[in-house]
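These are my notebook entries on a structure that I looked up. I set down each item in the order in which I consulted it.

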Amino acid sequence: MALTGLQIYKLLPKTNCKECGFPTCLAFAMKLAQKGTELDKCPYVDDEAKTALDAAAAPPIKLVAIGTGERAFEVGNEVVLYRHEKTFYHQPGLVVRVKSDDPQLAEVAARVADYEVERVGMKLRLDGLAVQHAGGDAAAFAAAVAAARAAAPGLPLVLMSGDPAAIDAALSGGAAADRPLVHAATAANWQAMAGVAKKHGCPLAIRADAGDLAGLVDLSESVRGAGIEELVLDPGTTSLAADLAAFTQLRRLALKKGARALGFPIVTDAGAVTWQAELARATQAVAKYAGVVIIDHLEPAAVYALLTLRQNIYTDPQKPIQVEPKLYEVGAPGPDSPVLITTNFSLTYFSVSGEVEGSGKPAWLLVADSDGQSVLTAWAAGKFDAEKIAKTVKDSGIESRIDHKKLVIPGHVAGLSGEVEEELPGWQIMVGPRDAVDIPNYLKNVWGA
Amino acid sequence: MTAVEIPVEKWPGAVREVTLGSGYGGGTRTSTVTVGGETSLPFLGFEGALPHRPALAVEVVDTEPGDWSPELVAAWGDDLKDPAKWAARAVAEGAELIALKLRGCHPDFGDRSATDARATVDRVLAAVGVPLIVIGPGTADKDNEVLVAVAEATKGEQLALGLCEEKNYRTIVAAALGNGHLVIAQTPIDVNLAKQLNILISDMRLPLERVLMDPNTGALGYGLEYTYSVMERLRLAALMGDAMTQQPMICTVGEESWRQKEGRAAADVPAAWGALAERGVAWEVTTAMTLVEAGADILVLRHPSSVGVLREALDDLTKGA
């Protein structure tokens, strides 16, 4: 766990020699605590202090990378229990499972690799494919993994088998180059499984019996003793209640108790018989601390919902996703095209511009600087009032580009229309729809699109 | 074996218990619904008590909604034309509460009278035995007019009346106070505004055991994370003992999820979005589950399939808790 400035100060020589560039050892310690300088700047610090500081600097939940190349993903290194305390940093990997004897395996692998959906200007994708050993021997499993790799080159993999020989065969067959997650070492197989993971340099999942955290600690100590550093924890739970209890306890133990053995990301099998039940489990896992979420259904609607949820939950609460406040042209607007105003929250912008574009009616879209807040939130916070709307209009230079003086304000701030008219003499203020989805109808009915 | 000491938070506070239906005697309900009472974060049975699981309400509208998603129209069919039939069907689909919205009283959507509103409420009360939530049309004058009439005509039914907002709560609170009902206090996704409105309502002497709070729901992809974090903060404050944050929370999940493009568009959307038949329910279920994790005590849903999925999920979450 991170040390305070005073705790660091106690480990320093306290001679105030100034060679580090700071006036006192205390000032240096304070800067170190803020991670604003390096310990190496002190020529006199002893090894004991170095070890203590290094240990304290290690993240409480280790960052683990799965896969290689452009599609590799990293999970872990989280520092809070609740996103409002800071933010959640590393989005959980969303992985679709296919059984090794599934005749559709190659097709599923390709669909997972190709799935992509765009939201607020970002491309959202699935993170990987889990190949579960089902039927057949080690060679059959290795062949299935090879087929998946051929169908989806570069897609990160999770290799799921209780048989270390099967994992070894798949990794030796070339999969090791992709750095897949090996799933899983258990109390029964850990020695052989750790040996295989170490031989091929792959991250390793350890799995205990349902919710047995003590068993997980023992396994963690064992495999780390065998030289494995990149671990992922599978608490082996199979119900929503048990998942939530285990994930919460793991996160608390890592962050609040500094439990090194449990300071790793979590992998969970959210698979269920129906896609709906699976969606409910995966939703909880995304909101509550999972690092890798394995699902069975490649149902596009559910995948889209999960990717959107992940984007929502992992958005920094202090930094809403914003677009540049300015005058945007949608289509090729002319002097008689409508002028719409909205805020610079990216979701608001993309919803409005998408609908205007979809309507086929070119328009001027004025985006006010609302510190990235949506229309209603910005209005409530005084960041999208009549004055701001008028200033945005005046500063944009829109007046010289149109031959009318009509401004469409969002329906949610209909109550502002009188005030805006006072602030913008000569302008006619029109009230647009409350929801972006109703813009095409509005443009058609009122502006003749 | 290594012993692992599970970190357990000791919370000094608890969420208030609030009962809808005929909890105080009188009325005609055949069941009551009690929510709240939690002494831990959601579903952490190892840490505290969760005496009541979140309740599932289904939204019913007094007049046939002409602008609802085709998916909802397909699911409810002709029941949408008759609030009494619709409510009865919702109960058959698993609703523990009916949230009746008097939208037809809105000046722009029919401008029905207070007498009409009373008649509709009476018909729904006669059609189902579960407790009712009654939501006004959403304009201050008309809300006051119809909700007062409904409150007086249904004394003893212990309805939850809404929505109380900072700019319009006095008349509704007074009507609830005089007729044994509850109120729903809605504020725009903000911890302090939520507290402030609870204080104002409490100042009018309505016991806080008769107040639900609606933190204002943002749907998946449309501000869900704001609602999620405000609810987490409200629930943490409640457990830490802040009396004005200890109201059970109600979330209008159905309304928010189904009005988004994802819940409505059947064509001209990317293939990656999937079909509307799955997408609409996926959007509602994901929004609902996320808010359940943040402490939602009542979920107001729209699609019967979502009710089933949520009921199973809540069974699973409260198993052995």
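**Entry 1. A helix pair in chain B.** I began with helix α2 (residues 83–92) of chain B, which packs against α3(B) at an angle of about 35 degrees, the axes being 8 Å apart. For the contact itself I listed Pro83(B), Ala84(B), Ala87(B) and Ala88(B) from α2(B), and Thr120(B), Arg123(B), Val124(B) and Ala127(B) from α3(B). I noted the crossing of α2(B) and α3(B) as right-handed.

**Entry 2. Conventions.** I record that this is a predicted model, in which local features need pLDDT of at least 70 and side-chain atom pairs count only at pLDDT 80 or more, while totals for chains, interfaces and linings use all residues. Residues are numbered from 1 along each chain as its sequence is written, chains are lettered from A and ligands numbered from 1 in the order in which they are written, and side-chain values use heavy atoms, with hydrogens and water left out.

My terms are as follows. Helices (H or I, at least four residues) and strands (E, at least two) are DSSP runs numbered from the N terminus. Contact means heavy atoms within 4.5 Å. Axes are lines fitted to C-alpha atoms, for helices over the stretch in contact, and angles run from 0 to 180 degrees between N-to-C directions. A crossing is right-handed if the near helix is turned clockwise from the far one by less than a right angle, and left-handed if anticlockwise.

**Entry 3. Helices across the two chains.** I next looked up helix α11 (residues 300–313) of chain A and helix α10 (residues 276–293) of chain B, which pack at about 35 degrees with their axes 9 Å apart. The crossing of α11(A) and α10(B) is right-handed. Among the residues of α11(A) that meet α10(B) I noted Ala301(A), Tyr304(A), Thr308(A) and Ile313(A); on the α10(B) side they include Arg279(B), Trp283(B) and Thr290(B).

Is Val303(A) buried or exposed? Val303(A), which lies in α11 of chain A, counts as buried because its relative accessibility is 1%, where buried means under 20% relative accessible area, exposed over 50% and partly exposed in between (1.4 Å probe, protein chains only). Leaving out residues up to four places away in sequence, I found Val303(A) touching Tyr115(A), Leu126(A), Ile295(A), His297(A) and Leu298(A). Arg111(A) is 192 residues from Val303(A) along the chain, and their C-alpha atoms are separated by 12 Å.

**Entry 4. Chain A as a whole.** I counted 16 helices and 17 strands in chain A. The C-alpha trace of chain A spans about 80 × 70 × 35 Å along its principal axes. Of the 449 residues in chain A, 55% are buried. Among contacts in chain A with a separation of 6 or more, 67% join residues 24 or more positions apart.

Entry 5. Ile167(A) lies in helix α6 (residues 164–172) and, at 0% relative accessibility, counts as buried. Beyond its neighbours within four places in sequence, Ile167(A) is in contact with residues including Phe141(A), Val182(A), His183(A) and Met193(A). From Ile167(A) to Ala436(A) I noted 269 residues in sequence and 51 Å in space, C-alpha to C-alpha.

Ala55(A), in helix α3 (residues 47–57) of chain A, is partly exposed, with a relative accessible area of 43%. Ala55(A) and Leu3(A) are 52 residues apart in sequence and 9.9 Å apart, C-alpha to C-alpha.

**Entry 6. Backbone exceptions.** Most residues other than glycine have a negative phi, and most peptide bonds are trans. In chain B, a cis peptide bond joins Gly162(B) and Leu163(B), with omega about 5 degrees; Leu163(B) is in strand β6 (residues 160–164).

Asp111(B), although not a glycine, has a positive phi of about 50 degrees. I placed Asp111(B) in the loop between β4 (97–101) and α3 (114–127) of chain B, and Asp111(B) is partly exposed at 45% relative accessible area. Asn216(B), also not a glycine, has a positive phi of about 80 degrees and sits in the loop between β8 (211–214) and α7 (224–239) of chain B.
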